[in-house]
Every structure is written in structure tokens, then in C-alpha cells.
Amino acid sequence: MPITYTIYSESGGIHKTTWTANLAEAHARQGFDVLVIDLDHQAANLTYLFDVEEGRDDPDADNLVRHVLGRPDGEFKDLIRSTEEGVDVLPAHNMLEEFTELLLQRERFEENMGDEFNRYEQLYNVLWEENDVQDDYDVVIIDPNARAEIMLYNAIYATRTLVAPSKPAGKGNKSLEGLAGLLESMSENLSIDVGVAAVILSGAGTTSTHTRYIDEMEDEYGIAATIGERQSMMDEMWDAQGTAFKVVEDGWHNGEPGSRRLREREVETLETILGIANYLTDEFGVEPPQEPSLNIEDTEVVS
């Protein structure tokens with residue numbers, strides 16, 4: 001199996017989608033073939049971020065939900081879009097809004113026909129059993145909706161591993177406690193092993209309160225990395241429709257490339273993201289094909 005994980009947190013405002021995109025790009029720079037799957041039916045932010053929205057609102061278009069329901073209208077491989085940053089994307093579709101209702105309808109049908117049906121393993125079956133995604137990709141990352149619903153459980157069942165972005169605050173600590181309870185429940189009820197590969201803290205400051213929460217979360221969960229507030233860089237990703245690597249390396253500022261000063265703290269953040277990717281490959285026991293790098297050698301860096 002490839003490296004597989006779901007990016008998830010119960011807390012909002014922790015850059016879940018931007019972490020998905022940035023870690024996917026970091027893995028691509030490690031030399032891996034990477035697929036990200038957008039399961040966020042409310043916003044489809046990952047689909048927008050990688051500029052693969054075409055057909056999202058077409059009710060007749062084939063999409064992942066049709067495949068999960070056993071009613072595909074084409075080849076699974078044709079759902080996947082390639083991007084300029086070397087990451088492949090399985091984009092969101094508006095039919096994801098009906099995912100839970102449609103899946104429960106199929107469950108009732110299968111049970112009425114006398115067949116067994118596990119509502120939580122359907123995405124697993126589509127990816128690994130029916131379409132052998134593991135033959136084409138080294139890394140598969142899922143970006144689900146934040147609500148605890150059947151779609152999220154399908155993502156966790158399919159990947160068995162989570163990466164949890166959080167913030168050094170009481171709310172962040174509570175979200176990790178809730179996540180631990182969710183995983184324990186899934187492990188017990190579904191008889192599968194589910195774990196957290198990494199906790200990532202963003203928006204970390206130097207206040208005594210932040211330091212206390214960071215220490216508490218480190219003791220309780222272990223932390224892969226901690227970065228400070230990088231709102232400007234993360235926000236610019238939406239104008240650039242790309243990762244933070246694209247923002248910094250192409251100098252995106254106020255919606256235009258080539259006008260951003262190269263800041264030391266932002267370079268360090270990109271290096272931290274690459275470090276998290278290395279941390280994750282170590283957790284999975286996989287050796288990257290190459291050492292990841294940044295394309296900033298000839299650019300002046302300012303503090």
C-alpha cells in the first residue's frame with residue numbers, strides 16, 4: 001500500500017486544505033507520485049486551489065460518488081486531473097452533498113436483497129480493490145469535510161491514518177481529545193487499526209500561554225512540527241491557485257506573480273513543510289526517491 005492519510009481536525013481555521021496541498025507538493029518533491037482526493041462537499045477548496053473545478057456542477061458528469069455507489073459513468077482514472085505542480089487531484093463534485101443519503105439508500109437496497117454492506121468501507125473498495133490506485137501512486141491524501149459523518153468515516157477507513165493540524169490553544173487541545181475518541185471508537189467498532197501519524201501546530205507564538213499549550217500537546221500527542229502565523233503566505237495561495245511553494249518561489253503578492261519579497265521566515269516554513277513530509281515517510285517506513293529542494297537559489301532572502 002502507498003503512504004495514505006487523511007488531513008483532519010475538529011477545529012476550524014487551522015488551514016486543513018492548505019496543509020493538504022502543501023504536504024502533497026512536498027511529497028511530490030520527494031519524488032513520489034501523489035494523489036489528493038477532495039471530499040469537502042461544502043467548499044471544495046482543494047479543487048479550487050489546484051484549479052480543477054471544471055465539471056464540478058455538471059449533474060451528468062461522472063464523479064467519485066457514482067463509483068462509490070456502484071454506478072460509474074466512465075473509467076475511474078478519467079476522474080483524476082493533473083496539475084502544473086506535479087500533484088494529481090481527484091476533484092470534488094456537487095453530488096458529494098448527497099453522499100450520505102445516497103449511500104444509506106444503497107445500504108438499504110443491498111440489505112433488502114440479502115447482501116452484506118459496510119457503509120464505511122465503500123471508498124476503500126473503490127480505491128484499493130476495484131481500481132488498484134496503489135499501483136499508480138506512492139502517496140494518497142484525503143481532504144474531507146470537517147463534520148463527523150459517513151464521508152469522513154469512509155476517508156478514515158480507506159487511509160487508516162490521520163495527520164492532525166491544530167493550534168496551540170485550549171480549543172486545539174480539545175479537538176485532539178475529540179479526535180482521539182473518534183479513532184478509538186472507529187478502531188473498536190470497525191475492527192481496524194487507526195492512528196495519528198503527525199500533529200502539526202500552526203499559528204504558534206512565543207507567549208507563555210502558547211508555550212504552555214505546546215508543551216502540553218507535545219507531552220500528550222507528540223508534535224511533528226510547529227510554525228508561526230503565516231496568514232499572508234497561506235492567503236496568497238488562493239490567488240495563485242497553488243501551494244505555498246508556488247507563492248514563494250514565483251513571488252506571488254496581491255494576486256500577481258513576481259512581486260513578493262522572499263522572506264526568511266517563509267523560506268523556513270517551506271523547509272518545515274518538507275521536514276514534515278520526511279517525518280511522515282519515516283513514520284511509514286518508506287525511503288523517498290530523492291531529497292526535496294526549493295527553487296530559490298538565485299533569489300535574495302530578506303529577514
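Strands S6 and S7 (residues 195-201) pair in the parallel sense over six bridges; strands here are DSSP runs of E with at least two residues, helices are runs of H or I with at least four, and both are numbered from the N terminus. Two strands count as paired if DSSP finds at least two bridges between them. Within S7, leucine 201 is the bridge partner of serine 166.

The model is predicted, so local features need pLDDT of at least 70 and side-chain atom pairs count only at pLDDT 80 or more, while totals for chains, interfaces and linings use all residues. Residues are numbered from 1 along each chain as its sequence is written, and side-chain values use heavy atoms, with hydrogens and water left out.

S6 also pairs with strand S1 (residues 3-7), in the parallel sense over two bridges. There, threonine 6 stands opposite leucine 162.

How many residues of S6 are buried? Six of the six in S6 (residues 161-166) are buried, where buried means under 20% relative accessible area, exposed over 50%, and partly exposed in between, with a 1.4 Å probe and protein chains only. In a regular strand, side chains alternate between the two faces of the sheet. In S6, Thr161, Val163 and Pro165 point one way, and Leu162, Ala164 and Ser166 the other way.

Let me turn to the sheet as a whole. Eight strands form an open sheet with mixed pairing, in the order S3-S4-S2-S5-S1-S6-S7-S8. Strand S3 (81-82) and strand S8 (225-226) stand at the edges; each has a single partner strand, so one side of each lacks a neighbour in the sheet.

Helix H6 (residues 150-159) is mostly covered, with 10 of its 10 residues buried; among them are Ile150, Leu152, Tyr153 and Ile156. Arginine 160 follows H6 and has a positive phi, near 65°.

Finally, aspartate 33. This residue lies in the loop between helix H1 (16-29) and strand S2 (34-39).
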